[in-house]
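This briefing is intended for a reader who is meeting the structure for the first time.

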Amino acid sequence: MNSLTEKDRPIVQLLLSTGTCPRCILRFCCVGSQMLYRHPHKDLMKDLQEFLKSSQEKEDTVCLDVADPPCKRLRLEHGEEGADDLNHNGAIPSADNGNSATESSAVKVCNVCLGILQEFCEADFVKKVCQKVNSADYQFTSFVFSVSLPPQLSVRERAAWLGMKQQMRNLGLPLAKDDIVQLKEAYKWIIHPQLSEELGVPADGKSLFEVSVVFAHPETDEECHFLAAACPDCFKPAKNKQSVFTRMAVIKALEKIKEEDFLKHFPCPPSSPKNLCDALEIQCNNGAVFVAGRYNKYSRNLPQTPWIIDGERKLESSVEELISEHLMAEFKADSFNFSSSGREDVDVRTLGNGRPFAIELVNPRRIRFTAEEMRRLQQAINDSSDKIQVRDLQLVTRSAIGRMKEGEEEKTKTYSALIWTDKAIQREDIAFLDDIKELRLEQKTPLRVLHRRPLAVRCRLIHTMRSEYIDQHHFRLHLKTQAGTYIKEFVHGDFGRTKPNIGSLLNRTADILELDVESVDVDWPPTLAD
């Protein structure tokens, strides 16, 4: 059971007289009953008026029988109580007349929450939010609600607290160092059940579907600015931040600034604004969905990702685009991120079981797919092009993708290379390659990738080789190698940057004409039945 007692009377009196709304008064009185905050604004105002009218001798209380869940708190009091003689900007009204206090605050915008706990708790605003959600056409079974508040609310909250503390001191009454209920928390207590009822799904803090509201109050935007002069270290420009006056920066500054410095620059209690907050944005966002599979690439003129140099596209498509365009359309996502277990050059085919890949679909509207629907989606991708094929297409978790990346450098890969030599060869000239095991290479970063890879010497292993003689100047070489081995450079030597190489082993000039990836030995994603 939560209640207002006689010790709360001067606090209620002061806050009502200075234009604070009933729900903020409950916050400052540390009332933790969620149900009490959900009572209509008019009813709460009436209850507070009745509370002030009650006899001071009688331990009268305003109570509500409800289970009291634990709540988060926002600490406004830091350090000592402060000096006895503090100058205040703005008069502190007398606490001897309950009627005059309530009459003056009946229709004002709250001087602490700027209307957040007033108009924006009403059914009309809840319906507006839900209309936005429903029109966005998302699939979801629960939601998490987030709210972005103007940073100046923290300044006003501190000012109200200091004004209240000074008034209590003037009356010779103690003020416990309690913590008030956070505005965000009180707002969610009120708004969650209304949204849940309107949307027909429960609120869940772990839900991947987020409904967010961004509030702003242009009228009071500059109220934080004095903190920058008092605590300049707290306000540093950051990337992706339009203003240095972020909520966290303001809170940090409020923790550092001395009470007497604060009171010199800001009225305590804060004045009442003319206008309510603005709900700038009502947004929806679904957590990312991850799709994995394996792809085969049959074209020698297809890059894995879009090939664009200096803003100019070199080839019309890519593996990434051929796969993602279908997924984007079906999942109705905003964007995507493609990753794979290694990559092949534009002129290299990927055969065998294919190369593992994963696609992160950002903010998808549709998230539920049956196994049959995924099979149809895979078939649609395969029917759209003869350059690629996809298999084992499936939904996976974010954490599972780590297994693909782990295997990228740890596993082995198998290749088939068509090699040309300048001098004529016979079968016996290349037969010794079959007997070489665990050949250790030293590979300097290839010249062809030096513009995007750091210069380094990498040690790699050729586990096994098997040669197939074709004619006097051509043979095919099958290799099983450590992941990350540069095969083309192992063949031609890259002007001596890879040692040893096929040319040095054969004592003649060698070059690679074709290269195929025959297998990527990463046991992921799981193989699916046809």
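In this predicted model, helix H1 contributes Pro10, Ile11, Leu14 and Leu15 to a contact with helix H7, where they meet Gly163, Met164, Gln167 and Met168. By residue type, this contact of H1 with H7 comprises six nonpolar and two polar residues, and no charged ones.

**Geometry of the helix pair**

- Two packed helices are described by the angle between their axes and by the distance between those axes.
- Helix H1 spans residues 9–17 and helix H7 spans residues 152–170; their axes come within 10 Å and cross at roughly 125°.
- An angle over 145 degrees would count as roughly antiparallel and one of 65 to 115 as roughly perpendicular; H1 and H7 are therefore oblique to each other.
- The crossing of H1 and H7 is right-handed.

**Nonpolar cores**

- The largest nonpolar core contains 81 residues, and Tyr187, Phe215 and Phe262 have the most contacts inside it.

**The chain as a whole**

- The chain has 530 residues, of which 49% are buried.
- Its secondary structure consists of 17 helices and 19 strands.
- Of the contacts between residues at least 6 apart in sequence, 81% join residues at least 24 apart.

Definitions and conventions: Residues numbered from 1 in each chain as written. Predicted model: local features only at pLDDT ≥ 70, side-chain atom pairs only at ≥ 80, totals over all residues. Heavy atoms only, no water. Core = buried A, V, L, I, M, F, W, Y, C linked by side-chain atoms within 4.5 Å. Buried < 20%, exposed > 50% of the residue type's maximum accessible area, 1.4 Å probe, protein only. Axes fitted to C-alpha atoms, helices over the stretch in contact; angles between N-to-C directions. Helix = DSSP H or I, 4+ residues; strand = E, 2+ residues; numbered from the N terminus. Parallel < 35°, antiparallel > 145°, perpendicular 65-115°, else oblique. Left-handed = near helix turned anticlockwise from the far one by under 90°. Contact = heavy atoms within 4.5 Å. Nonpolar A, V, L, I, M, F, W, Y, C, P; charged D, E, K, R; others polar.
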